[in-house]
Amino acid sequence: MPKNTKVTQREHSNEPVTESVADLLSLEHPMDYKSSQMSMGLSPGSTAPVKALLPSPDPDAEDGRPAWNNKLEYILAQVGFSVGLGNVWRFPYLCQKNGGGAYLVPYLILLILIGIPLFFLELAVGQRIRRGSIGVWNYVYPRLGGIGVSSLMVCGFVGLYYNVIIGWSIFYFFQSFQYPLPWAECPIHRNGTQAVVEPECEKSSATTYFWYRQALNITSSIDDTGGLNWKMTLSLLVAWIMVCLAVIKGIQSSGKVMYFSSLFPYVVLFCFLVRGLMLKGAVDGIAHMFTPKLEKMLEPQVWREAATQVFFALGLGFGGVIAFSSYNKRDNNCHFDAALVSIINFVTSILATLVVFAVLGFKANVMNEKCVVENAEKILGYLNTGVLSRELIPPHINFSHLSSQDYAEMYAVIKTVKEENFAQLGLDPCILEDELNKAVQGTGLAFIAFTEAMTHFPASPFWSVMFFFMLINLGLGSMIGTMTGITTPILDAFKIRKEILCVVCCIIAYLLGLLFVLRSGNYFVTMFDDYSAGLPLIVVVILENISVAWIYGTKRFMQDLEDMLGFRPYSFYFYMWKFVSPAVLVVLIFATVIEMAISPAGYNAWKHLTKPSLLGSDRFQSYPPWALAMAYALIVVAMLPLPIVFIARHFSLISDGSNKLSVSYRKGMMKDISNLEEQDEQRFILSKNPSEAPSPMPAHRAYLGPGGTQEMTNTNYGTSTKTGYQNIGSPESEL
């Protein structure tokens, strides 16, 4: 006989047995039990004990909610969502900018203090409540139900412009099937017998010219829209079709896609690492990267940027983490998942950094050698015309085999002797360190610096195809998580076919995304990247932290985790959630606001033939008033649901987000338990058995009866919990 039946409870305890649902609701009006979140797994008139109010571990018992086919699919989905383009083009840039290897110290510290704890928190609440972001925070604390809506809004904003980057990668991917690569050389215009290099390209570089002129066909300012760029419009359409096909069946389709989109980038990164280490100058790049500048660790800006990178690297606040974990078994070890995914994310960032700086080290050597050759030709010209005396040239220097060290020696001698007129000679120092210090990030790294380096690779089209196919897969993994963060809360709230919802969302997103494929679209991508996600997401995450740790209660949440996981998480998490993480997030909010206040709001505008003095260069330009208003409107719109929902529910203008049955249950029971709660909060936390654990919903705790003062315990605690996905419907999960 099962250990937790009423018969065995009476044999081992003198306390009143938990009332049945039928007893509790006998005086209520008829309800639709199937639509109730409180009656999961129960049929009308059931006499099952109240502990069955807790959602069943069997996903099929919860209105047919889908579940991951296996643990590997779920882990790959979380890795694919968290590991994205930022690992490849943001993390290496921050390392270079903030002290090289020294940057890893604040990053690791903040990963431990805020990254892993908050990632664990989101995994736990999603897995426990089995709802998307809106449903989760409606249950935890209805007045802060706007958290989920804000998450959905931010996902929408980010998805709009993030998929444009995938579209750019698709364009470059198809352009890579050419030899030589179309960005390898500047275009040449022929005027009769005379060949003229494109002036705009000559002043910048072939890869820069191709990016701004051929790919984006960019305008000179955000005011000049320039109409649609048809090449990028088609590329964006292909990107949205890919995303739609990946998520159209929910996790049944996206889980399969993740096998490839999450694993293939690692194959490419390892191939690039091996190839990069074989290139001349790769060791210089890696040594430059990891040479620590310890004094940088004392700068507050370094810590702020490390915290921001940790925050976005794990995808906190987007709702994708919660949505993915909501399809898990309730006894899945999400603590292990949080640590594993965080470590994989960090290792991926290090791997990508090694690859990037191995390739950039090779590029820096190529550019430095080119600089030496060009300046040596200048010196030879000065020697032949008598501007410089041959006595200035050391006797051992051979111009036909001039090394960087020889040039540096010759440069120093000429600079010393011709100190007064040296500037007129126009000689460059050609220092390798200067080339390595040229910081590039984002699109500049992927579509300019990296593409330029690959033009010098043997079999350059092959490596270009691999690189941009990797970017497509990295972006696709993140987009699947972003779309899941949008569709899951909507599917939880409205009973509609996921296929229809997915298609409608993708069509609407594509039409709105046409803003980013205007000729000025790159400027709007920059605007959305700077304003739509940063501050709103930090606010969302700190409210998530506060609602669980301070409103619901950290002790209660820790007990829920113990009941759910079968073991008690480390006390470390208690202190992180209760004190450290909120404090760090508050500091991060203030630092972000201050940074926005002191940094001029603007973008780098590409100048071309309309401004000959600025030909082939980018220059910072302030936003016009309408664009500035649009930028700040993104922040306001993303955070607006937070106060609206709070005020509306405070004054009972809208429901608390629960269904009628749970509201009725709460009203009927709150009066009886309020006095007992004051005496002993812990008596309403059930035993340590996972199936008897209360759901992390303040109003939905199990009722022990008017005279219940003793917790039901199970001495066999910890032995009945199964963590394997094969045991999802096993009898042990019901004990």
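Figure 1. Among contacts in the protein chain that link residues at least 6 apart in sequence, 80% join residues at least 24 apart. The model shown is a predicted one, and its protein chain contains 29 helices and 4 strands.

Figure 2. Because 12 of its 13 residues are buried, α21 is largely enclosed by the rest of the structure. The buried residues include Gly442, Gly444, Leu445, Phe447, Phe450, Glu452 and Met454.

**Figure 3. The packing partners of helix α21.** The buried residues of α21 pack against α4 (85-89), α8 (146-175) and α10 (206-215), and also against α13 (264-277), α17 (334-385) and α22 (460-493). Among the residues of α21 that are buried are Ala446, Ile448, Ala449, Thr451 and Ala453.

**Figure 4. A nonpolar surface patch that includes Leu237.** Trp230, Leu234, Leu237, Ile241 and Leu245 together make a nonpolar surface patch of about 530 Å². Leucine 237 lies in helix α11, which runs over residues 230-247. Leucine 237 counts as partly exposed because its relative accessible area is 34%, a value that falls between the 20% limit for buried and the 50% limit for exposed residues.

Key. Residues are numbered from 1 along each chain as its sequence is written. This is a predicted model: local features need pLDDT of at least 70, side-chain atom pairs count only at pLDDT 80 or more; totals for chains, interfaces and linings use all residues. Side-chain values use heavy atoms; hydrogens and water are left out. Patches are made of residues with over 30% relative accessible area and no salt bridge: like charges are joined within 9 Å, nonpolar side chains (Val, Leu, Ile, Met, Phe, Trp, Tyr) within 5 Å. Accessible areas come from the Shrake-Rupley method with a 1.4 Å probe; for residues, only the protein chains shown count as cover. A salt bridge is a side-chain nitrogen of Lys or Arg within 4 Å of a carboxyl oxygen of Asp or Glu. Helices (H or I, at least four residues) and strands (E, at least two) are DSSP runs, numbered from the N terminus. Buried means under 20% relative accessible area, exposed over 50%, partly exposed in between (1.4 Å probe, protein chains only). Contact means heavy atoms within 4.5 Å.
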